[in-house]
Structure formats: structure tokens, C-alpha cells
Amino acid sequence: MKRITILICIVIFSLLGFSHAQAEISLSVTPVSGGNSLRFGRISSGIEVSQEARIRVSSSEGTQYQVFHRLLDPLVNEKNVPLGNDVISTYTLLGSNASGTLYAQNVERIGFGDQLLYSSASGGESDNFTVVYAISSDRINATGNFFGRIQYAVRPVGGASQDDVILNMTVEVSGELKIEVEGSSTPDTVRLKLKGDRDREGFVKLGFRENIAGEIRAFQEVEIFPQDEFFTGINENLILYTASGSTKGELSPHVPTALTRKRSLIYSSRAGEDTFYINFILNENDMGQQRAGTYKGKLKYIVEAGQDRREKDISLEVEVEPTFIMEVDLPTGGLSFDRLLPDSQPSIREVDVQVRTNLGKPYMVTQSIASPLTNETGAQMPGEYFTMKIEPVDGQSGKGMFADYQPVPGSDHPIFASDNKGSPSHFKVIYRLRPFEGMAAGDYSTSIRFSLGEI
């Protein structure tokens with residue numbers, strides 16, 4: 001009897017051990033479209049492609065478990081170039097499970113860390129569910145044949161065991177280079193207006209995407225340098241340009257540079273997509289030299305990527321509004337000579353005159369003396385002691401009528417004439433009063449007016 005009891009115990013323990021050995025949890029992943037990999041097929045611009053995977057868990061452990069997935073290898077092409085950043089989105093299909101709880105029901109990007117997809121009921125019953133994976137062309141920045149892998153894992157809650165499955169992914173991208181070139185005024189035009197220091201800036205926006213050729217370069221070429229209706233070209237140094245906006249490529253120039261007729265490299269990179277700007281500004285130091293008018297030209301932008309070459313023309317217009325003004329800087333207190341005595345030293349007063357014009361027509365500056373130079377008692381200064389002369393500033397063009405001191409005329413009198421081109425001018429009118437023996441002491445003054453007119 002004792003031997004029979006021992007034998008029964010051995011059989012029971014053996015059966016328990018066999019039962020424990022057979023208790024297990026396993027995972028299988030199958031693409032819904034068939035085969036043994038997620039095949040996204042061919043993707044082109046403007047579309048999104050999705051694939052589904054059916055996940056099955058067989059469990060006989062009787063304990064709760066969880067299912068995870070993560071990106072094991074990113075999608076890269078034959079040149080080891082990645083398809084893009086965060087290019088694969090995923091979510092679990094609501095209602096695809098029989099029990100337990102589905103997670104990741106909202107669209108999210110799959111990453112390299114474990115992401116929880118499913119948690120079973122407390123009894124750890126077997127179940128299956130569906131996961132959706134999508135690739136949008138908006139996030140793709142390379143082309144070719146791409147291969148990647150997703151890893152799935154099932155783990156008992158609180159347990160150390162795990163079952164893994166790796167699923168391959170393939171996708172083919174055959175993108176066409178997309179180029180965008182737009183002006184700041186209209187899609188085909190950049191307009192600049194030279195009116196003081198306003199409206200002097202504009203730009204051309206250049207963008208591209210789906211570059212598959214590796215190196216991409218952009219050039220600027222001036223087909224027609226801006227010219228007016230008489231085919232007179234705009235001043236060479238009036239239009240400046242710089243390149244800006246890109247963090248992926250090499251831009252040139254970085255500092256304002258005069259626009260030239262020759263073809264210039266403005267951008268180069270190996271990026272799949274990028275956007276940058278060519279900024280135009282009118283040179284304020286050259287404004288006064290430009291004749292009024294509307295100047296029209298044409299820019300050509302050339303983008304080269306491998307064997308692909310694209311061109312786009314942009315009209316460049318510069319409007320220079322007419323300017324014909326005179327600025328007069330009188331000395332403080334006007335044209336007056338205070339506290340003069342017969343033995344005083346000669347007294348000097350200066351008037352600064354600038355003429356700003358872009359009409360291209362000759363002009364004249366006229367001086368008018370309202371009254372003779374007198375003191376507070378009415379004593380009048382003789383003309384030979386009140387003299388004037390004209391001095392140009394910084395070698396300005398034009399001709400002053402008083403090269404050396406001469407008596408100040410008592411009526412309207414021309415004092416300066418421009419050159420035949422009507423160039424802007426800058427000069428000083430210098431007045432000198434020389435006291436003399438026997439003169440009446442006092443404060444002498446008069447009023448003076450300057451006028452500007454075309455010849």
C-alpha cells in the first residue's frame with residue numbers, strides 16, 4: 001500500500017510538471033494583404049499608402065500579457081538614405097480584438113522605443129487584433145527602393161519571458177523633382193520702388209522637394225538688365241541682392257552685392273527639400289544718381305539636379321519717382337552779424353545748399369536779397385564790404401557764379417548752374433562782412449531766399 005501511494009504521488013508530480021512545461025505564450029504577425037512582409041508598393045507625390053498587420057497571441061499561461069512594437073530598422077534605400085523623419089504613422093484598428101484593451105487608437109509616429117499596442121484581460125486569454133501602418137508622401141525626402149523592419153514583442157505582465165517577431169517592410173518611391181519659384185509682388189514679378197527710403201525691398205522665393213539626384217544647385221542669371229523706355233540701363237550699383245533662409249544648403253552671397261549680368265551660383269546642397277530667398281534692395285547710397293523712370297528687366301533662375309534642369313523667368317521692375325528738391329541749411333539766427341565795431345575782424349556766415357534731382361534736366365539756383373544789410377538804427381552796409389562766394393562740396397558737379405568774393409547782388413541773381421545732365425549738387429554760399437573805419441556799429445542783418453528752377 002505504501003508503494004502504491006508513492007507511485008501515485010510520482011505520477012501526480014509528473015503530470016503537474018508536464019502541464020507547466022506545456023503552458024506557454026506565443027506571437028505571430030501576418031500582413032493582411034498576404035505574404036510575409038509589409039509591402040507598401042509604389043508611392044508618388046501627394047498620396048498616402050497604408051498596410052495592415054494581423055497580430056495573434058496564443059497563451060496558455062493564464063496570466064495577463066501585453067503586446068508592443070517598435071521600429072527595429074528605419075526605411076533606407078540602396079544608398080542607405082532614409083526615406084524621411086518620422087515617416088511611418090500607425091494606429092490599432094478599433095474593434096479588431098475580441099477581449100482585452102487596444103492602445104494606440106490615435107494616429108502616432110512609430111519610433112525606436114517600445115510602444116504599447118494591446119493589453120490582455122487578467123486571465124491572459126488568447127486574442128488577435130489589427131495594426132494599421134501608413135506612409136505619407138509629404139514626409140518623404142528621398143526616392144528609391146526602401147527596406148526596413150518592425151519588431152513585435154509579447155510579455156507576461158510581471159514576467160521575464162518574451163516572444164518576438166520581426167516583420168520586414170518594403171516601399172518604392174519614384175518621385176519627380178518639384179520646383180517653386182515665385183516673386184514677392186506677383187508669382188512672376190518683383191517690383192522695387194525708389195521713393196526716398198521706402199518700398200526698396202523685394203524677394204524671389206525658391207523651393208524644391210522630392211530631390212532624388214543628390215546634389216542640387218540653383219543659379220541666377222540676368223537676361224535683361226533693367227532699362228527704361230529709351231533702353232537706358234539702370235545704374236550698375238543701384239540693385240543689391242543677398243541669399244537667405246536655408247539651413248540645409250550653401251547660399252551666396254551672404255552680404256548685399258551689386259546685381260551683375262553674369263550667371264551666379266546662389267544655392268547648393270544635397271537636401272531632398274528646402275526653401276530659400278533671394279532678397280533685393282535698392283542701394284540708398286546710389287539713389288540720388290538714378291534718373292527718374294520705370295526700368296524693366298528679366299531674371300532667369302536655373303535649378304539643376306543630376307540630369308534634371310528647370311528654368312523659371314522672373315520680371316524685375318524698378319520704379320524711380322521724379323525728385324526735384326533743394327535743401328538749404330541756414331546758420332542759426334539767419335543771415336546776421338552781431339556786435340560789429342569798426343575795428344572788428346571780418347565776419348563769415350555759411351549757407352549749405354543741396355539739390356536732389358533725378359530728372360536729367362539742367363537747372364539753376366537763384367538768390368534773392370530782400371533788403372540791404374542794415375543795423376538796428378537803419379544804417380546800411382556799403383556793398384563793397386558785404387561779399388559772397390560759392391564753394392562746391394566734395395567735388396560736386398555744376399558751376400558757381402561767384403568763384404571768389406564779390407559784392408552780394410541786391411536783387412534776384414543766379415548763383416549756381418548744374419551741368420548739362422542736371423546732376424545733383426552740393427555747395428556752400430559763403431558771406432563775408434568786413435568792418436571799416438567810420439562805419440556805424442551795431443547788429444547787421446538781412447533776409448535771403450533761394451529758389452530752384454529748370455533751365
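In the predicted model, T366 touches D412, H413, P414, I415, R449, F450 and S451, leaving aside residues up to four places away in sequence. A contact here means heavy atoms within 4.5 Å. T366 is buried, with a relative accessible area of 19%. Buried means under 20% relative accessible area, exposed over 50%, and partly exposed in between, with a 1.4 Å probe and protein chains only. T366 lies in strand 26, residues 363-369. Helices (H or I, at least four residues) and strands (E, at least two) are DSSP runs, numbered from the N terminus.

Two strands pair if DSSP finds at least two bridges between them. Strand 26 and strand 30 (residues 413-417) pair in the antiparallel sense over four bridges. M364 stands opposite A417 in strand 30. Strands of a sheet pair through backbone hydrogen bonds, either parallel or antiparallel.

E273 is placed in a loop, between strand 19 (264-269) and strand 20 (274-282). E273 is partly exposed, with a relative accessible area of 31%. Residues up to four places away in sequence aside, E273 touches F208, R209 and K248. V173 is 100 residues from E273 along the chain, and their C-alpha atoms are separated by 15 Å.

The protein as a whole has one helix and 33 strands. Its radius of gyration is 43 Å, well over the 23 Å that the globule rule gives for 455 residues, so the protein is more spread out than a compact globule. This radius is taken over C-alpha atoms, and the rule is 2.2 Å times the number of residues to the power 0.38. Along the principal axes, the C-alpha atoms fill a box of roughly 165 × 50 × 30 Å. Of the 455 residues, 41% count as buried. Among contacts between residues at least 6 apart in sequence, 73% join residues at least 24 apart.

Residues are numbered from 1 along each chain as its sequence is written, and side-chain values use heavy atoms, with hydrogens and water left out. As the model is predicted, local features need pLDDT of at least 70 and side-chain atom pairs count only at pLDDT 80 or more, while totals for chains, interfaces and linings use all residues.
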